[in-house]
Amino acid sequence: MQNIVPMTRHALELRPGQHLALTPQLQQSIRMLQLSTLALEAEISQALDENPLLERDEEPAIEDIDPNREESAHDDDPAPERETGVDEMPGAKGVHSDDDSDMPEAARGETLREHLLAQLALTRASRRDAALVALLIDELDDNGYLGSPLEEILSWLPAEIEADVDELRAALRLLQSFDPPGIGARDMAECLALQLRDPDLAALPEAADPAVLAWARTICAEHLQLLAASNPARLREVLPCDDATVRAARALILKLDPRPGRRWTIPVADYAIPDVIVRKTRKGWRVVLNSAAMPRLRINGVYAQMLGNQREASHAALHAQLQQARWMIRNVEQRFDTILRVAQAIVDHQAAFFSQGPSAMRPLILKDIAGELGLHESTISRATTQKYMLTPFGTMELKDFFGAGVATESGDAASATAVQAHIKRLVAEENRAKPLSDNQLMLKLAEQGIVIARRTVAKYREAMRIAPASVRKAQASLR
């Protein structure tokens, strides 16, 4: 009996549905939103070089508002979308004239590597020794310390070089003779000892006394932990010398620079150009765009007119460039419109901060702004990363306005920024002879209704680079 296998019938079926296609225009829009102001300018400059139909709008913009005028009845009118003259306003960073004489020396001068290589070029070191010193220079961290042990650096070198640890030690000794004193140290004790090897008596007059200099070297080599712990009684016990000599030795050490390379290291974010500006009106705090940070683009009219209604295949490339130029202009406008909406929402939530300062900062998360504006949290994240706002308290990244809350006795919450502001104020007002410990700071915050753990106080204090109470007490005793 023959088995009959049923045949499967194939059919086509249409099912309606919706999905988001990641088109080139959408990809460009997402990329532009996450770019910083400087990165956006680089992107636009490249587009201008590649697309003849895109050009800058060189016509002078109409000044919507004078930032220096007094408030008037016109402040009730809707706030303009652009602001001019940002470089005239206090607190602006990164916007400067051709005369940059007020910029820090390290920002416009040579790097630490260039500074050291210039000194190396003046030595009589052989080519091999100079190459080893240059290798060590590349291993220095931002503080000027050697980041890796010599044995580890040696293991990176090719075997055919046939270098040994003694050669690296000799190269390190040469490097440690360079300016600034203390460069190339492997730890803080060595860094301070290098600065005491041949001290500048004009800057360190205490070093003129041979006894003081000798005991300072002994403290750096053997008793640095006691100095850091601010235990002068214990320090006097281990040093067979009088109190005056111990105090002078401590004063000498505290004048040394434990991070000699930092003067050449300036964070880029310290010179940010604000994307938006906040100003006070009778209707409250309003956000406007900084026209200095907003590029003005347009379609080249001559090329656009030449194309007209021509649809020949020979002009397909030009039509594609015309479309790309339109996308660029539209996406740039959309980018700044999104940043403006997000910034205004942040200002509305943090109105107390702009009136009272950092201590009034409220808890805020990305989800709050996303829900209010009907946008995705990832969009809010892109719109606030490396975007800056000029406020009455200086230029701040939009990310700085977000933070989790800390519980208070009233059942409300305070932001981490507000708690840090309270800690900073308490430290500034403390008795310098009896500085507040982390536990005492915790209790004083509790008196103000802010209940946090001692370790949280320590974390916030360290984030603000405030020394522990023992170190602050030692520093006060030497003043």
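This is a predicted model: local features need pLDDT of at least 70, side-chain atom pairs count only at pLDDT 80 or more; totals for chains, interfaces and linings use all residues.

A: Residues are numbered from 1 along each chain as its sequence is written, and side-chain values use heavy atoms, with hydrogens and water left out.

Strand S3 covers residues 276–281. Helices (H or I, at least four residues) and strands (E, at least two) are DSSP runs, numbered from the N terminus. Of the 6 residues in S3, 5 are buried; buried means under 20% relative accessible area, exposed over 50%, and partly exposed in between, with a 1.4 Å probe and protein chains only.

S3 pairs with strand S4 (residues 284–290) in the antiparallel sense, through 6 bridges. Two strands count as paired if DSSP finds at least two bridges between them. S3 and S4 make a hairpin, with 2 residues between them. In this pairing, Arg279 is opposite Arg286 in S4. S3 also pairs with S6, here in the parallel sense and over 2 bridges. Val276 stands opposite Met389 in S6.

Strand S6 (388–391) leads back to a loop, since the stretch between helix H17 (377–384) and S6 holds Gln386. Gln386 is not a glycine, yet its phi is positive, near 60 degrees. Gln386 is partly exposed, at 39% relative accessibility.

Arg465 also has a positive phi, of about 60 degrees, although it is not a glycine. Its place is the loop between helix H20 (454–463) and helix H21 (469–477). Arg465 is exposed, with a relative accessible area of 65%.

Another loop, between helix H7 (165–175) and helix H8 (188–195), contains Pro180. The peptide bond from Asp179 to Pro180 is cis, with omega near 5 degrees.

On the surface, Val302, Tyr303 and Met306 form a nonpolar patch, with about 310 Å² of accessible area together. Patches take residues with over 30% relative accessible area and no salt bridge, joining like charges within 9 Å and nonpolar side chains (Val, Leu, Ile, Met, Phe, Trp, Tyr) within 5 Å. A salt bridge is a side-chain nitrogen of Lys or Arg within 4 Å of a carboxyl oxygen of Asp or Glu. Accessible areas come from the Shrake-Rupley method with a 1.4 Å probe, and for residues only the protein chains shown count as cover. Met306 belongs to helix H13 (residues 301–307) and is exposed, at 54% relative accessibility.
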